[in-house]
Amino acid sequence: MTSASSLFTMGFAIRAEGEEFVLKTDDDVGLAREIGIAAASPRMARKVAASQNQEVPSTADPDPLVTRSKLAAIAFALGGVMALASGVLLRDDPTLTAAEASAGQGLGPVGNFWFAFVLGGLLMVGAALAIARRSKWSRMAAIFAVSALVVVFGLAARSATPDTDHLLAFGFIAGGVVVGIAVIAAGSFGDPD
């Protein structure tokens, strides 16, 4: 039976059938690897491990398509949050009664379309998640969300009175629509892998 162990930095002591030989080499790591030393000193184990490290590819230059896709998702989510904020502003209108502020009335002109804007904002945030995950349906989800928000915005603007106190809410909605359209027009969704 043959066994081998390392002797600090002096070489290898090989014991075979009661005899002990000291082997000195220029390449201790290569010899240790070839012999297959099971119980190496910590120093030798580090040397063997270091000799097996392969060069790691650099990640300094990220794929610009992926980066643009993440920025598109963040911007689209921001547009959705703006639509959600407009729904909250319209819901907190002091002129609305409790019945008019209900979710059912919030889908129409009686409730200032507040619930419709909240749903549109949630659709935009969901589409932003699809954009971030690089889903193959992310572009269609984004177009649908912005289109729905534009339709509701048009209905709300048509039924608004000229002396409305909802200009801030309408500004948030318009900002969300503009951001959504800009993201769609930029075409920075990226193809799924």
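**Figure 1. The protein chain has six helices and three strands.** This is a predicted model, in which local features need pLDDT of at least 70 and side-chain atom pairs count only at pLDDT 80 or more, while totals for chains, interfaces and linings use all residues. Residues are numbered from 1 along each chain as its sequence is written, and side-chain values use heavy atoms, with hydrogens and water left out. Helices (H or I, at least four residues) and strands (E, at least two) are DSSP runs, numbered from the N terminus. Follow the sequence and you read β-β-β-α-α-α-α-α-α. Of the 193 residues in the protein chain, 33% are buried. Here, buried means under 20% relative accessible area, exposed means over 50%, and partly exposed is in between (1.4 Å probe, protein chains only).

**Figure 2. Trp114 has Phe115 as its aromatic partner.** Rings of Phe, Tyr and Trp (its six-membered ring) pair if their centres lie within 6.5 Å; planes under 30 degrees apart count as stacked, over 60 as edge-to-face and the rest as tilted. By this rule, the count is two aromatic pairs. Trp114 and Phe115 make an edge-to-face pair, 5.4 Å centre to centre with 70° between the planes. Trp114 is buried because its relative accessible area is 11%, whereas Phe115, at 24%, is partly exposed.

**Figure 3. Phe153 and Phe170 form an edge-to-face pair.** Their ring centres are 5.8 Å apart, and the planes make an angle of 75°. This pair links distant parts of the chain, with Phe153 in helix 5 (residues 138-159) and Phe170 in helix 6 (residues 167-186), 17 residues apart. Phe153 counts as partly exposed because its relative accessible area is 22%. Phe170, at 13%, counts as buried.

**Figure 4. Helix 6 has 20 residues.** From first C-alpha to last, helix 6 reaches 28 Å, close to the 28 Å expected at 1.5 Å a residue. That expected span is 1.5 Å times one less than the number of residues. Look for its buried residues: Ala169, Phe170, Ile173, Gly175, Gly176, Val177, Gly180, Val183 and Ile184. After helix 6 comes Gly187, with a positive phi near 65°.

**Figure 5. Gly121 and Ile173 are 9.1 Å apart in space, C-alpha to C-alpha.** Along the sequence, 52 residues separate Gly121 and Ile173. Gly121 lies in helix 4, and it is buried, with a relative accessible area of 0%.

**Figure 6. Leu107, Leu119 and Leu122 make a nonpolar surface patch of about 260 Å².** Leu119 belongs to helix 4 (residues 114-132) and is partly exposed, with a relative accessible area of 36%. Patches use residues with over 30% relative accessible area and no salt bridge, joining like charges within 9 Å and nonpolar side chains (Val, Leu, Ile, Met, Phe, Trp, Tyr) within 5 Å. A salt bridge puts a side-chain nitrogen of Lys or Arg within 4 Å of a carboxyl oxygen of Asp or Glu. Accessible areas come from the Shrake-Rupley method with a 1.4 Å probe; for residues, only the protein chains shown count as cover.
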